[in-house]
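Please look over the model below before reading the comments.

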Amino acid sequence: MKKILLTGGLGFFCSRFFERYKNEYEILAVGKDELNITDKEKVFEVIENFKPNYVIHAAAIAVTDFCNKNPEIARKINVEGAVNVAKACKKYNSKLLFISTEQVFNGNKELGPYSEEDIPIPNTVYGQNKLEAEKLLKDILDELWIVRFTWLFGLSDRNKGIASNILWDTITSIIKGEKIYASPYEFRGMTYVYDMIENIIKVFNIPYGTYHIGSTNDMSRYDVVKHILSEMGLEERIDKILVKDEQKYKDAPRDVRLSTEKIKKYGIEFLTTKEAISKCIKEYKLNFK
Ligand SMILES: NC(=O)c1ccc[n+]([C@@H]2O[C@H](COP(=O)([O-])OP(=O)(O)OC[C@H]3O[C@@H](n4cnc5c(N)ncnc54)[C@H](OP(=O)(O)O)[C@@H]3O)[C@@H](O)[C@H]2O)c1
């Protein structure tokens, strides 16, 4: 059995990845307490002992506001931590899959979708961290896949991590009785976490390099939330729950969508965001009509 080490192993993505593949691979999923990636010696020790064929480096602080407010902590984890992992992979011959983000494009003025050829201009600490890590890792390792995720979505599952996402945040607002403000000028790819998990494993069979990965999406954030509410059978309540935020991004639309044409050529394809949301709501039987 091939071995996979998951850093950030208890998070939203990795905790579900572990469940899905635990019988097909020998997986070591380490949380922050077991492996803090800022501890270089520990990183080397874990990789030396486990000798993974693959390392999926998912550990990060991915909360934009926190990173902006705490740039030193963010860099230590998101950049220096990634470098520690890459150096250990180099020493012990593990292939590294580094999870980066659409957020590397969040300062670009032109509209997406962006291809891997476009030059990213991140304007948040988180986006800057990920781009810096990408560059440093490429200098350290040849056996490296950098995959830039679109925004993941999914629901809370028993004993699994959860991160802020369009579907969970919508449901949380409904439960709390809060209104949802969504801009018709914001565009992002949004990918069902389980679709990402089905597809990401295929990356081990494609050439090393940088890839954009995830669902494509033609809908604005406002239209996505509307679609969620309608798929949940809450059409009659849409006007009460959802507010079209006409001011946000009006003068400069936010568009961090990724073109996934490159990875499609290797047979890695996703549902659209619209289709994926319908699928997820169906799988969790969340239609209340
Ligand atoms: N979710 C998305 O939409 C999305 C989109 C693009 C890219 N990504 C990237 O995908 C990866 C996984 O994201 P996710 O959504 O699964 O995020 P997540 O749930 O926040 O998982 C990241 C994990 O890293 C851990 N971590 C934080 N600092 C650490 C440290 N010093 N050492 C070791 N582990 C540490 C966190 O532990 P604590 O929670 O205990 O701090 C958390 O469990 C991240 O690299 C993220 O940047 C995610």
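1. Basis. This is a predicted model, in which local features need pLDDT of at least 70, side-chain atom pairs count only at pLDDT 80 or more, and totals for chains, interfaces and linings use all residues. Residues are numbered from 1 along each chain as its sequence is written, and side-chain values use heavy atoms, with hydrogens and water left out.

2. The ligand sits in the largest pocket. A pocket here is an open set of points on a 1 Å grid over the protein atoms alone, where a 1.4 Å probe fits, with protein on both sides within 12 Å along at least five of seven lines. A molecule sits in one if more than half of its atoms lie within 2 Å of its grid points.

3. Elements of the shell. Two or more residues each are given to the shell around the ligand by α1 (12-21), β4 (95-101), α5 (125-140) and β6 (151-153). Strand β4 gives the most, with three residues. Helices (H or I, at least four residues) and strands (E, at least two) are DSSP runs, numbered from the N terminus.

4. Residues of the shell. There are 23 residues around the ligand, and Phe12, Lys32, Ala58, Tyr126 and Leu152 come nearest. A residue counts as near if one of its heavy atoms lies within 4 Å of the molecule. By class the shell has 15 nonpolar, six polar and two charged residues. Ala, Val, Leu, Ile, Met, Phe, Trp, Tyr, Cys and Pro count as nonpolar, Asp, Glu, Lys and Arg as charged, and the others, Gly among them, as polar.

5. A ligand oxygen is 2.6 Å from a side-chain N or O atom of Tyr126.

6. His57. This residue is found in strand β3 (residues 54-57).

7. Phe204. The loop between α7 (193-200) and β10 (209-213) holds Phe204, which counts as buried at 9% relative accessibility. Phe204 and Leu97 are 107 residues apart in sequence, yet 8.3 Å apart in space, C-alpha to C-alpha.

Notes:
Polar contact = N/O pair within 3.5 Å; in protein donor to acceptor, adjacent residues only side chain to side chain. 1 Å grid on protein atoms, 1.4 Å probe; cavity = no way out; pocket = protein on both sides within 12 Å on 5 of 7 lines; lining within 4 Å. Buried < 20%, exposed > 50% of the residue type's maximum accessible area, 1.4 Å probe, protein only.
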